[in-house]
Amino acid sequence: MDIGPVSLFDNVKSNKPADCMNFDFDDFVEIMSTYSRDKFSCKSDAPLICVTEFKDGRRSKANATQSGMVVLDIDDHLTVGEVLDNLRDEGIAALLCSTASHRDDHHKFRVFVPLLEIADYDDHVLAWHVLNHAVADGKADPSKIGCESMFFVPGTYSGAPQVFEQVEGYSLSAGDWIGLVGSEADILAMAGKAPSAQRKTVKNENSRRLASLEITDNDLDLSRSRLVSDKALDLYRAPSGSYHHARYALLMSIAGRARQFGLVPSAEELRSLFNQIDQEDGGHYQTSDYQNALLAEAQKVLSNS
């Protein structure tokens with residue numbers, strides 16, 4: 001999975017990257033794993049990364065371009081175990097790394113969440129807000145939202161117990177994450193970035209809107225449905241991980257696209273669309289046990305969206 005450009009800085013005072021390379025997520029994890037075994041006397045001795053490329057080769061918010069990964073910086077508001085449980089419960093692919101300041105009674109760590117597609121700056125920020133709530137209960141450091149933010153690579157530090165754990169799961173594009181919540185206004189309201197009156201208005205308007213919209217027959221016909229993208233189908237049919245995660249990611253993508261169109265499918269309707277896909281692929285999930293499991297999975301997807 002391509003996560004796009006990652007800029008490497010020699011130290012925290014450097015404003016120009018020493019290098020910038022494009023990675024896929026597995027290569028990124030391997031490189032971070034190598035760094036994690038390096039011993040540093042203090043964090044200022046370690047290099048840093050930004051998950052973007054900078055125009056004109058100089059780090060600034062204005063020069064940040066695009067990114068294929070969201071980074072959540074968590075400082076003592078949640079434990080490593082709580083966040084790992086969230087990731088596994090939701091089935092989200094990620095890398096969790098502790099920092100130099102991590103202690104048994106003071107958890108400090110970062111979560112790298114790959115995106116299915118490279119996102120522009122604004123969509124990356126919105127996806128950050130959605131993932132912050134999905135993974136970190138809204139408690140990640142809000143000053144580290146933009147892809148211009150710098151992060152020390154993981155390392156081995158005296159007195160700092162190390163955590164380095166990759167979580168297998170599905171990935172979505174920034175657009176799909178955004179679609180699970182709705183519009184930019186919905187996300188900012190969720191994140192508490194909109195004025196209180198606006199948050200109330202958004203909530204009320206959404207309630208009225210969602211109550212009045214229905215799925216059409218075309219939406220439930222795979223050959224005509226706008227809810228199933230070709231890219232989502234391709235990723236499901238050629239998964240990089242387990243078929244369970246690929247199936248869940250496909251259902252999440254369908255639910256996200258429905259949300260973008262202002263539609264609220266039922267679990268039965270999600271299962272019906274998946275069954276049409278499965279029938280094209282040879283009918284692997286048609287037994288009653290599989291159908292019950294699919295319905296439960298569709299209900300979980302909708303509860304998370």
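Tutor: Start with burial. A residue counts as buried when its relative accessible area is under 20%. Keep in mind that this is a predicted model.

Student: Is Ser 229 buried or exposed?

Tutor: Its relative accessible area is 17%, so Ser 229 is buried. Ser 229 sits in the loop between helix 6 (196–212) and helix 7 (230–237).

Student: What does Ser 229 touch, leaving out residues up to four places away in sequence?

Tutor: Ser 253 and Arg 257. The side chain of Ser 229 also reaches the backbone nitrogen of Ala 232, at 3.0 Å.

Student: Now helices. What describes two packed helices?

Tutor: The angle between their axes and the distance between the axes. Here, take helix 3 (residues 121–136) and helix 4 (residues 174–181). Their angle is about 55 degrees, and the axes lie 9 Å apart. The two helices are therefore oblique to each other. The crossing of helix 3 past helix 4 is left-handed.

Student: Which residues meet there?

Tutor: Helix 3 brings Asp 123, Leu 126, Ala 127, Val 130 and Leu 131. Helix 4 brings Ala 174, Trp 177, Ile 178 and Val 181. By type, this contact has eight nonpolar residues, no polar ones and one charged.

Student: Why is helix 4 described as largely enclosed by the rest of the structure?

Tutor: Because seven of its eight residues are buried. Among them are Asp 176, Trp 177 and Gly 179.

Student: What follows helix 4?

Tutor: Gly 182, with a positive phi near 135 degrees.

Conventions. Residues numbered from 1 in each chain as written. Predicted model: local features only at pLDDT ≥ 70, side-chain atom pairs only at ≥ 80, totals over all residues. Heavy atoms only, no water. Axes fitted to C-alpha atoms, helices over the stretch in contact; angles between N-to-C directions. Helix = DSSP H or I, 4+ residues; strand = E, 2+ residues; numbered from the N terminus. Parallel < 35°, antiparallel > 145°, perpendicular 65-115°, else oblique. Left-handed = near helix turned anticlockwise from the far one by under 90°. Contact = heavy atoms within 4.5 Å. Nonpolar A, V, L, I, M, F, W, Y, C, P; charged D, E, K, R; others polar. Buried < 20%, exposed > 50% of the residue type's maximum accessible area, 1.4 Å probe, protein only. Polar contact = N/O pair within 3.5 Å; in protein donor to acceptor, adjacent residues only side chain to side chain.
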